[in-house]
Amino acid sequence: MAHKVTIASLGRTIDVGDNDTILEAALAEDINYPFGCHSGTCGSCKSKLLSGEVRYLDYSRFALTEEERAQGWILACSAVPIGDCEVSFEAPAESESHPLRKIECRVTAVASATHDIKYVTLEPCDGRPLEFSAGQFVNLGFGTLPGRDYSMANRPDEPHLVFHIRLTAGGVASGYVHRELKPGDIVALRGPYGTSFLRKSHPGPVIALAGGSGLAPIKSIVETALRNGFGNPLFLYFGVRDERDLYLEAHFQALAAAHRNLTFVPVLSQPSAPTARRTGFLADAVARDFGTLAGWTSYLAGPPVMVESCKTALQRLQVAPGDCHADAFYTEADRPAAKPAFP
Ligand SMILES: Cc1cc2nc3c(=O)[nH]c(=O)nc-3n(C[C@H](O)[C@H](O)[C@H](O)COP(=O)(O)OP(=O)(O)OC[C@H]3O[C@@H](n4cnc5c(N)ncnc54)[C@H](O)[C@@H]3O)c2cc1C
Ligand code: FES
């Protein structure tokens, strides 16, 4: 049986099935509900339960504390209504709203960035550019496969959409991209989504941390900031396992040479040969390099483990929680539906 859920922030009421989360039902209705991970981990979909009751799927206590839950906050991606409800979400302090679109795109190029990352370039078939903010992502559907989220690596003012898609072991969509996708293919795109976008109002320095294909949204953020004339210190740390996982190094070195406020720091976590490069985990590299980052804005993207460890390091360095914008690249394995629910 479906329950009526009113989203007070938008004045809309939707039907949510017995076993559906509020977020999935809202996205199915093309509602621009804030979200990031779908899996109760990032906190982007935090909402106030104004009336009614929900049952909870598994979620992280970092995304929703016991205190917040007691005060009536829920995570829309981990809350299944057990009757009619009313909820409201808080838009980010600096919110940019772009039209949510469902379009077809044509693949114009597929190229290798590394042994396991492909660049995929798309153009909207209707010729209308996609409006988005640097750092946001879209949901891409390849053929009949289920859609997956991928972040734009290009600046919003550039005509083509570029993605960096890493092959996930046993992965359906990334496997298809790496084995079969070719120029001329049509891809279904929904979006843009995401709250970890470039804040324009913050005047201070910026630290941006990317792990693997997490470089995609971070590239868009860094390049957009520089193009907008951002002149404060801007540090870009790029963490990968080994030499063969590094890409776009010459590109960022050239960018740093052209912009004296940009510092580019590649870091290898598991070098297979002696190296003159920085080594270790990103979180440790940042902790070693800075005494404090109070007053800085931070952007993070990449594997969940890297993002979580870097968030902790940044909090220790006094980055305010509201100035820490993160997109962890969760996969299907991290979704609450794949985990046992608890009461
Ligand atoms: C906001 C966001 C932005 C992202 N941006 C990027 C990006 O720019 N670049 C990029 O490379 N990736 C990005 N990702 C990750 C991307 O969305 C996909 O999750 C990733 O490409 C894997 O998709 P897949 O279909 O290949 O793998 P899947 O088929 O989803 O499989 C992933 C893993 O989950 C396991 N699995 C599958 N189904 C289940 C199940 N039901 N229960 C348990 N385990 C299961 C599989 O065995 C495999 O190990 C992003 C993710 C998010 C949330
Ligand atoms: S916690 Fe709900 S989308 Fe991340």
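## A walk through the predicted chain

You're looking at a predicted model, where local features need pLDDT of at least 70, side-chain atom pairs count only at pLDDT 80 or more, and totals for chains, interfaces and linings use all residues. Residues are numbered from 1 along each chain as its sequence is written, while chains are lettered from A and ligands numbered from 1 in the order in which they are written.

Switch to cartoon. The protein chain shows seven helices and 19 strands; these are DSSP runs numbered from the N terminus, with helices being H or I of at least four residues and strands E of at least two. The radius of gyration is 20 Å, close to the 20 Å that the globule rule gives for 343 residues, so the chain is as compact as a globular protein of that length. That radius is taken over C-alpha atoms, and the rule is 2.2 Å times the number of residues to the power 0.38. Along the principal axes, the C-alpha atoms fill a box of roughly 60 × 50 × 40 Å.

**Colour by domain.** Select 3-91 for domain 1, 101-193 for domain 2 and 206-328 for domain 3; bounds like these come from an automatic or database domain assignment. The centres of domain 2 and domain 3, taken over C-alpha atoms, sit 23 Å apart. Their contact takes 17 residues from each of domain 2 and domain 3. On the domain 2 side, strand β12 (residues 161-166) gives the largest share, four residues. By class, that side has nine nonpolar, six polar and two charged residues. Here Ala, Val, Leu, Ile, Met, Phe, Trp, Tyr, Cys and Pro count as nonpolar, Asp, Glu, Lys and Arg as charged, and the others, Gly among them, as polar.

**Now the inside.** The largest nonpolar core has 95 residues, and Ala76, Ala208, Leu236 and Cys310 have the most contacts inside it. Such a core is a set of buried Ala, Val, Leu, Ile, Met, Phe, Trp, Tyr and Cys residues joined through C-beta atoms within 7 Å. Pick Cys310: leaving out residues up to four places away in sequence, it touches Leu209, Leu282, Ala283, Val286 and Leu300.

**Next, β1 (3-7).** His3, Val5 and Ile7 make up its covered face, Lys4 and Thr6 the uncovered one. β1 and β2 pair in the antiparallel sense over five bridges (strands pair if DSSP finds at least two bridges between them), with Lys4 opposite Asp15 in β2. In the hairpin, which has four residues between the strands, look for Gly11 and its positive phi near 65 degrees. Leu10 is in that loop too, between β1 and β2 (12-16); with 14 C-beta neighbours inside 10 Å, Leu10 counts as partly exposed. β1 also runs parallel to β7, joined by three bridges, and Val5 has Cys85 as its bridge partner there.

**Last stop, β3 (residues 46-51).** This strand runs antiparallel to β5 (residues 73-75) over three bridges and antiparallel to β7 (residues 85-89) over four. Click Ser47: opposite it in β5 stands Ile74, and its bridge partner in β7 is Phe89.

Note on methods
A residue is buried if 20 or more other C-beta atoms lie within 10 Å of its own, exposed if 12 or fewer, and partly exposed in between; C-beta atoms are placed from the backbone. Two residues are in contact if their C-beta atoms, placed from the backbone, lie within 7 Å.
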